[in-house]
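Hello,

Here is the structure I promised to pass on to you. Have a look at it first, and then read my notes below.

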Amino acid sequence: MHLNIQQLIANGPVLVDGAWGTEFQKWGLAAGDCADAWNLERPERVEGVGRAYVEAGSRVILTNTFRANRVALAGYGLARDVAEINRAGVEISRRAAGDRAQVFGLIGPSGKLLLTKEVSEGELCDAFLEQARVLAVSGADALIVETMSDLAEARLAVAAARATGLPVVACMSFDSGRNKDRTMMGATPEQAARELTAAGADVVGANCGQGIEGYVGICRRMRAATNRPIWITPNAGLPEFEGGRAVYKTTAAEFAAAAPGLVTAGAAFVGGCCGTTPEFIRALARTLSESTGPNLACA
Amino acid sequence: MTVFDELQQAIINGQAALAKELTKKGLDSGKKPRDFFPNAIIPAMDEVGRRMRECEFFIPEVLIAARASRAATDLLRPLLVGDEAVQAAGVVVCGTVKGDLHDIGKNIVAMMLESAGFRIVDLGVDVAPEKIVQAVKDENANVVALSALLTTTMVNMKGSIEALKAAGLRDKVKILVGGAPVTDAWANSIGADGYGKDAPAAVELARRLAATA
């Protein structure tokens, strides 16, 4: 039986996880290194991050497979390890989730532009299909396409994810334009919501790119443009740079304080992206249970 | 509208086929190949840069305009003779620094620089300092443009500048840096000549620096 998204969100907003990559950096991952390779090299560390999110209250956790498509992994010389990295990613998140959380298999962008023909539609299709299949057969409950800037690429990834028959979440990253309400490629929240819905996504939304405040308005605009549930996972603000290191300045308390605004704006799934930690998820869990009552869907 | 005005509009609108046609038309009517640059191509790309800065254009519009500009310059460059051909705006060696595989920003800057009349030597991603030194020597470059997206790889910009110093080439080139984590303060602290916060800013800076290199 496939996961039923409507059932999952029936009792109020579902708390998802926070960042994995910025957590790995605390455990010694150098920022130039491929975090996904840790599924094979340091599985205990990856599981530790997933487990910390489940313990903090996440009812959905993702897999550590953001770059685990053939095109992106090729840059690290790891294109041959697509299957192994994705399979391990699902297994690790499954162990961390136990029976307390759902595991959503993560598909991220290729890092190449279709528009300049750095990569073809066919290549992207093949790469996303390959990754989606492995995530699905390894036991993911649903798939999530996220941090996308180009709607053309996002549509290809959603189509590939849908081919598995699993529910599909699709998120774009809004980090551009005067009001930070455009993707890098210029898509608006309305365009994203409409086109991702038309592509067949079961949940649409936004992640990364900026802090939580800006996503309240984007959430409202997406909500008005689609009948699909909305997923929002912002960063812990925009990074500031101190001595060459990225520092996210938003605190867990500040982040959580803004979360009810997201729920009011229509978010059905709430969590965090870059710079957020299990502490953020604990704070979110407290705030959301105060304002809406606990979601017992997965309890 | 003159043919230069029409070509300028076609480039801004990203109409590659029309840009090519207008370039031919201009050449047929006796315009000199070199006159297309200051009168149509460069002002067009300046306007594209302005619209990008004003958030009227996003990356797709910029890339399509750059493609239209290339349709014109591909016809014109073989027709430039002698000094005209050599006297491009400058020669830029560009690349994403060692350890970093992100190239979308670098590629966009390279396309914009090319449209602005620079000759581009693109070394790709994960570029070791020695490779930059070699390219500056081989290509007789006067500008080096370094890109990094990651906070931990941006330190390798400094390594590249040190390598150019050690090779005795530092005074021969102007160095500009860019990428999401890069700031003016960072550019100063590593001894770069300037920082471009976006592609149009990088082009403006490259022009200014190349004029003094």
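What is the order of the strands in the open sheet of eight strands in chain A? Reading across, the order is β1-β12-β9-β8-β5-β4-β3-β2, with parallel pairing. Here strands are DSSP runs of E of at least two residues and helices are runs of H or I of at least four, numbered from the N terminus, and two strands pair if DSSP finds at least two bridges between them.

Before going further, some housekeeping. This is a predicted model, in which local features need pLDDT of at least 70 and side-chain atom pairs count only at pLDDT 80 or more, while totals for chains, interfaces and linings use all residues. Residues are numbered from 1 along each chain as its sequence is written, and chains are lettered from A and ligands numbered from 1 in the order in which they are written.

Back to the sheet: β1 (14-15) and β2 (60-62) of chain A are its edge strands, each pairing on one side only. Three parallel bridges join β2(A) to β3 (102-107) of chain A, and A:V60 stands opposite A:Q102 in β3(A). Helix α7 (121-137) of chain A lies across β3 and β4 (142-148) of chain A, at about 165 degrees to β3(A); axes are lines fitted to C-alpha atoms, for helices over the stretch in contact, and angles run from 0 to 180 degrees between N-to-C directions.

Chain B is divided into domain 1 (3-84) and domain 2 (88-212), with bounds from an automatic or database domain assignment. Their centres, taken over C-alpha atoms, are 25 Å apart. Domain 1 of chain B brings twelve residues to the contact and domain 2 of chain B brings ten, where contact means C-beta atoms, placed from the backbone, within 7 Å. On the domain 1 side, α3(B) gives the largest share, seven residues. That side holds nine nonpolar residues, two polar and one charged (nonpolar: Ala, Val, Leu, Ile, Met, Phe, Trp, Tyr, Cys and Pro; charged: Asp, Glu, Lys and Arg; polar: the others, Gly among them).

What does each chain give to the contact between chain B and chain A? Chain B contributes 19 residues and chain A contributes 19 residues. On the chain B side, α4 and α6 (104-115) of chain B give two or more residues each, and α4(B) gives the most, with three. By class, this side has eleven nonpolar, seven polar and one charged residues.

Enjoy exploring it!

Notes:
Two residues are in contact if their C-beta atoms, placed from the backbone, lie within 7 Å.
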